[in-house]
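Below is a short briefing on one protein chain. Please look over the sequence and model before reading on.

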Amino acid sequence: MKIIDKIALVLVIIGAINWGLIGFFNFNLVEMIFENMTIISRIIYALVGVSGLWAIKLLFDND
């Protein structure tokens with residue numbers, strides 16, 4: 001697995017945990033750490049979204 005694949009996978013896991021916290025406890029960890037929609041939180045959300053798209057590629061790798 002390439003380093004970019006590992007980074008994407010970690011970000012997807014972070015995003016999934018955050019969504020789980022929102023769904024189960026109405027608690028947004030990213031907002032708690034970085035405030036409500038600051039530029040840093042928007043960058044994190046964007047990176048998680050791009051990582052999710054990258055993870056689609058991982059489904060079809062033949063490694």
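The points below cover the fold, the surface and the charges.

This is a predicted model, in which local features need pLDDT of at least 70, side-chain atom pairs count only at pLDDT 80 or more, and totals for chains, interfaces and linings use all residues. Residues are numbered from 1 along each chain as its sequence is written, and side-chain values use heavy atoms, with hydrogens and water left out.

**Fold**
- The protein chain has 3 helices and 0 strands, in the order α-α-α from the N terminus; helices (H or I, at least four residues) and strands (E, at least two) are DSSP runs, numbered from the N terminus.
- Along the principal axes, its C-alpha atoms fill a box of roughly 40 × 25 × 15 Å.
- Of the contacts (heavy atoms within 4.5 Å) with a separation of 6 or more, 45% join residues 24 or more positions apart.

**Surface**
- Of the 63 residues, 16% are buried, meaning under 20% relative accessible area, with exposed over 50% and partly exposed in between (1.4 Å probe, protein chains only).
- The chain exposes about 5000 Å², 73% of it from carbon and sulfur atoms; areas come from the Shrake-Rupley method with a 1.4 Å probe, and for residues only the protein chains shown count as cover.

**Nonpolar patch**
- Phe24, Phe25, Phe27, Leu29, Met32 and Ile33 form a nonpolar surface patch with about 660 Å² of accessible area together.
- Helix 1 (3-25) and helix 2 (29-34) each give two or more residues to the patch, and helix 2 supplies the largest share, 3 residues.
- Phe27 lies in the loop between helix 1 and helix 2 and counts as partly exposed because its relative accessibility is 32%.

Technical notes
Patch = residues over 30% accessible without salt bridge, like charges linked within 9 Å, V, L, I, M, F, W, Y side chains within 5 Å. Salt bridge = Lys/Arg side-chain N within 4 Å of Asp/Glu carboxyl O.
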